[in-house]
Amino acid sequence: MPFKLEGSCHCGKVKYSCDSNTPYPYQHCTCSICRKVGGFMGSVNIMGLTSTLTIEGEEYLKSYTPKGNGIAGPIASKRFFCGECGSMLWLHDDTWKEWVYPFASSIDVTLPTPPEILVVLRASCPKYVPIPEGAETEEAYREESIEDWHKKRGLWID
């Protein structure tokens, strides 16, 4: 049975849940977008099943689509946040309609501890931003997907 992700914004006006086969928060993104919306060090996205996403307080939701080009071309992902307190909640990209990417910082349930940490997009990150101790770093994205990473390590939850 998939892992149930439950999250909310800081003020509590938006609550959401979705099922995840990939709940390990192992990949820290340090791109300029993630640093600005997620805070000093960036953000950690988890992958959930879009078809299971339920939202309470949807009337408070706002979204933002960054402008410009990302590593893989034009940016198409839409970031959802609470319009009252500004908490980032998840992102969605129509390129991968079946997946929604909750920000680990918005999750209220205890997430499993990843066996390793990967910091991605370090090439676009100032050197003063620290890297978690023991983390691997990549200048760009890896070819290995979030799904592949979980499956390769026996962490995929059916």
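**Briefing: strands, cysteines and cores**

Thr22 is buried, with a relative accessible area of 1% (buried means under 20% relative accessible area, exposed over 50%, partly exposed in between, with a 1.4 Å probe and protein chains only). This is a predicted model: local features need pLDDT of at least 70, side-chain atom pairs count only at pLDDT 80 or more, and totals for chains, interfaces and linings use all residues. Residues are numbered from 1 along each chain as its sequence is written, and side-chain values use heavy atoms, with hydrogens and water left out. A search of the whole structure finds zero disulfides (a disulfide is a pair of cysteine sulfur atoms within 2.5 Å).

**Around Thr22**

- Thr22 sits in the loop between β2 (15–20) and β3 (27–29). Helices (H or I, at least four residues) and strands (E, at least two) are DSSP runs, numbered from the N terminus.
- A polar atom of the Thr22 side chain lies 3.1 Å from the backbone oxygen of Met47. A polar contact is a pair of N or O atoms within 3.5 Å; within protein, one must be able to donate a hydrogen and the other to accept it, and residues adjacent in sequence count only if both atoms are side-chain atoms.
- Not counting residues up to four places away in sequence, Thr22 touches Ile46, Met47, Ile146, Glu147, His150 and Trp156. Contact means heavy atoms within 4.5 Å.

**Strand β2 and its partners**

- β2 is mostly covered, with five of its six residues buried.
- Strand β1 (residues 3–8) pairs with β2 in the antiparallel sense over six bridges. Two strands pair if DSSP finds at least two bridges between them.
- Gly7 has Tyr16 in β2 as its bridge partner.
- β1 and β2 form a hairpin with six residues between them. Gly12, in the turn, has a positive phi of about 85°.
- β2 also pairs with strand β6 (residues 54–56), antiparallel, over three bridges. Here Ser17 stands opposite Thr54.

**The five-stranded sheet**

- Five strands form an open sheet in the order β5-β12-β11-β10-β7, with antiparallel pairing.
- β5 (48–49) and β7 (61–64) stand at the edges, each with a single partner strand, so one side of each is left without a neighbour in the sheet.
- Two bridges join β5 to strand β12 (residues 99–102). Across this pair, Gly48 stands opposite Val100.

- Cys34 is in no disulfide; the nearest cysteine sulfur, that of Cys29, is 3.7 Å away. Cys34 is buried, at 2% relative accessibility.
- The sulfur of Cys85 is 3.8 Å from the closest cysteine sulfur, in Cys82, which is too far for a bond.
- Cys85 is partly exposed, with a relative accessible area of 32%.

- Gly42 lies in the loop between α1 (32–38) and β4 (43–44). With a relative accessible area of 14%, Gly42 is buried.
- Leaving aside neighbours within four places in sequence, Gly42 is in contact with Cys29, Cys34 and Arg35. Gly42 and Ala104 are 62 residues apart in sequence and 11 Å apart in space, C-alpha to C-alpha.
- Ser87 lies in the loop between β10 (78–82) and β11 (88–92). Ser87 is buried, with a relative accessible area of 17%.
- A polar atom of the Ser87 side chain lies 2.9 Å from the backbone nitrogen of His10. Beyond neighbours within four places in sequence, Ser87 is in contact with Cys9, His10, Phe80, Phe81 and Cys82.
- Leu121 is in the loop between β13 (118–120) and β14 (136–137). Leu121 counts as buried, at 2% relative accessibility.
- Phi of Leu121 is near 60°, a positive value in a residue other than glycine. Most residues other than glycine have a negative phi.

**Nonpolar cores**

- The largest nonpolar core has 19 residues. A nonpolar core is a set of buried Ala, Val, Leu, Ile, Met, Phe, Trp, Tyr and Cys residues joined through side-chain atoms within 4.5 Å.
- Cys29, Cys31 and Tyr101 have the most contacts inside this largest core. The elements giving two or more residues to this core are α1, β11, β12, β13 and α2 (146–152).
- Apart from this core lies another, of 16 residues, among them Leu61, Phe80, Ile107 and Leu111.
- Cys31 touches Leu121 and Ser124, not counting residues up to four places away in sequence.
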